[in-house]
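Here is a short note to read beside the model. Keep the structure open and follow the points in order.

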Amino acid sequence: MLPILNLGPLALPVSPLLLLASVWIGLELTERHAPRYQSNPDLLYRLTLVALIAGLVGARLGYAARAPQAFLASPLSLLAPQPHMLDPWSGFLAAGLAALIYGQRRQLPLAHTLDALTTLLAVVAVGLGLAHWASGDAFGAPTRLPWAIFLWGELRHPTQVYETLAAVLIAAAVWPGGRIARLSEDQGAPGARFWAFIALSAAARLFLEAFRGDSLLWFGGIRQAQVIAWAVLALALGQIGACLRSRILNAGPK
Amino acid sequence: MNKRWNLFSALALVLGAAWIALSAAAPGSVTGGLTPAPRRGFLAPDLALEDSNGQLVRLSDLRGRPVLVNFWASWCPPCQAEMPALQRVYDDYGEQGYVILAVNTTFQDSEAEALAFIEERGLTFPVLWDWDGDAARRYEVRSMPTSFFIDADGIIRDVVIGGPMSEGLLRAQAEQMLQQMPQER
C-alpha cells in the first residue's frame with residue numbers, strides 16, 4: 001500500500017495518479033488501434049475528452065448537491081482541486097450523457113466506437129486495480145490463507161491483486177488482433193469485442209466480490225455488487241448473442 | 001452456433017446465481033464497525049491525549065457526536081492554510097454538536113511554536129498533544145495534514161490525506177454527519 005508519495009515538500013496521492021496514467025496510456029493505445037474498428041482516432045480522442053470533462057463537472061456538482069448549504073457558504077470550494085469532493089455516480093451519468101450527445105452529433109457508429117473504446121476501458125481497469133492496491137481500497141475479507149496480506153488490522157485476501165490480475169487477463173483476452181477482437185475487426189460482428197469485455201469484467205466481479213471485505217450487503221448476506229454484476233453479465237451475454245446472430249446473417253447471402 | 005451460445009449463456013448465469021447464493025456473507029465477515037483501523041468504514045482507533053489545559057480527552061467519550069480528528073504540525077504549510085477554515089466550521093457547527101480535535105504531532109513539532117501558532121490564529125477548538133507519536137502511529141499518519149471524519153457511532157466516514165482541505169469539503173462533511181446523527185442513534 002502506498003497512498004501517498006512524499007517527494008520533498010510534495011505529498012502526491014498515488015491512487016489518482018495511477019488512474020490518470022492509465023487513462024493517458026489507454027487513450028494513446030485506443031488512438032493507435034482505432035482504424036481496426038473503422039473509427040476516427042481524432043474523434044475518439046475528442047469524445048473521451050468531452051466525457052472526462054463532463055464527468056468531472058458532473059461529479060463535483062453531484063457532490064455539491066448533497067450539501068448545497070456548504071457550497072453556498074463557500075462557493076469557491078466548487079473549484080478546489082480535491083478528489084474527495086466528487087460523486088462517482090453523478091460523474092458516470094454526466095460522462096455517459098455527454099458521450100452520447102457528442103457521438104450522435106458526430107454520427108459515430110455506436111458498435112464500432114464501443115469496440116474501439118474497449119482498449120481504453122481495459123487499460124483503465126488494470127489502472128483501477130493498481131489504484132486500489134495503492135490506496136488499500138476494495139480490500140479483502142479476513143482469511144488465514146498463506147498468501148493473505150496484513151491490511152487494516154487483519155490478515156486479508158489480497159483482493160486488489162486478484163482484481164489487477166483479472167483485469168490483465170481480460171485485457172489480454174480482448175486485445176486487438178486476438179480471437180475475440182477479430183469478431184469485431186474482420187468477422188462482421190461489430191460490438192462483440194466491447195460486450196465480451198463487459199461480460200468478462202462482470203463475471204470477474206461476480207466471482208471476486210465473494211472475497212471482498214467491504215461488500216454492501218442485502219437481505220441474507222447477498223452482496224449487492226454480485227447481483228448487479230450478474231444482471232450486467234446477462235445483458236452482455238445477450239448482446240454477444242445478438243452480435244453473433246448478425247454475423248451469421250451478414251455472412252448468409254455470400 | 002447460436003444454440004450453443006444460448007446454452008453456454010444459460011449455464012453461465014445459473015452458475016453465477018449459485019455462486020451468489022454460496023458466497024453470501026456470514027455475519028461479521030465484511031467490514032463492520034468492530035475492527036479498529038484508520039480507514040473508512042472501520043471503528044476509529046481510540047485516542048487519549050492531553051489538551052492545552054492538561055485535561056485528558058478520550059475519543060471514545062465523544063461517542064454520540066460527530067468528530068473531525070485533524071493531525072497537524074506548526075511547520076506544515078497546508079496545515080496552517082486549512083486552520084482558518086477549520087475555525088470557521090467549528091464556529092458554525094460546534095454548537096450543534098460537531099467536535100474538532102486538532103492533534104498536534106508534538107513528537108515532531110515544537111510545543112512553543114504550536115502554542116504561538118494557536119494564539120496567533122485565535123483557534124478555539126481543542127488542540128491535543130501527541131508527545132510520543134502513539135496517536136499518529138495508531139492512525140498510520142504518513143503525511144501532514146491527515147483528517148479523519150468520524151460519525152456519532154465512532155465509525156470513520158472519510159479520510160483526507162494532505163491538504164489544505166477546502167471549506168466546502170469541511171462544511172459538507174459536517175452537515176452530512178450532523179444530518180445522520182438522529183438516524184444513526
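1. Start with a helix pair in chain A. The axes of helix H2 (residues 41–66) and helix H5 (residues 110–135) of chain A come within 11 Å and cross at roughly 70°. Axes are lines fitted to C-alpha atoms, for helices over the stretch in contact, and angles run from 0 to 180 degrees between N-to-C directions. The angle makes H2(A) roughly perpendicular to H5(A) (under 35 degrees is roughly parallel, over 145 roughly antiparallel, 65 to 115 roughly perpendicular, the rest oblique). On H2(A), A:Leu44, A:Leu47 and A:Thr48 make the contact; on H5(A), A:Thr113, A:Ala116, A:Leu117 and A:Leu120 do. Contact means heavy atoms within 4.5 Å.

2. A word on the basis. This is a predicted model: local features need pLDDT of at least 70, side-chain atom pairs count only at pLDDT 80 or more, and totals for chains, interfaces and linings use all residues. Residues are numbered from 1 along each chain as its sequence is written, chains are lettered from A and ligands numbered from 1 in the order written, and side-chain values use heavy atoms, without hydrogens and water.

3. Stay with H5(A). Its 26 residues reach 35 Å from first C-alpha to last, close to the 38 Å expected at 1.5 Å a residue. Where is H5(A) kinked? The kink, about 35°, is centred on A:Leu117. A:Leu117 is also one of the contact residues towards H2(A). After H5(A) comes A:Gly136, with a positive phi near 85°.

4. Next, another pair in chain A. Helix H6 (residues 159–173) and helix H8 (residues 192–208) of chain A pack at about 160°, their axes 10 Å apart. That makes H6(A) roughly antiparallel to H8(A). From H6(A), A:Tyr162, A:Glu163, A:Ala166, A:Ile170 and A:Ala173 meet A:Phe197, A:Leu200, A:Ser201, A:Ala204 and A:Leu208 of H8(A).

5. Now chain B. Helix H2 (residues 77–93) of chain B has 17 residues and spans 25 Å between its end C-alphas, close to the expected 24 Å. A kink of about 30° lies at B:Met83, shortly before B:Pro84. Buried residues of H2(B) include B:Met83, B:Leu86 and B:Val89 (buried is under 20% relative accessible area, exposed over 50%, partly exposed in between, with a 1.4 Å probe and protein chains only).

6. Finally, a loop residue. B:Arg63 sits between strand S2 (56–58) and strand S3 (67–72) of chain B. B:Arg63 is partly exposed, at 43% relative accessible area. Leaving out residues up to four places away in sequence, B:Arg63 touches B:Leu43, B:Ala152, B:Asp153 and B:Gly154.

Methods. Helices (H or I, at least four residues) and strands (E, at least two) are DSSP runs, numbered from the N terminus. The expected span of a helix is 1.5 Å times one less than its number of residues. The bend at a residue is the angle between axes fitted to the seven residues ending there and the seven starting there.
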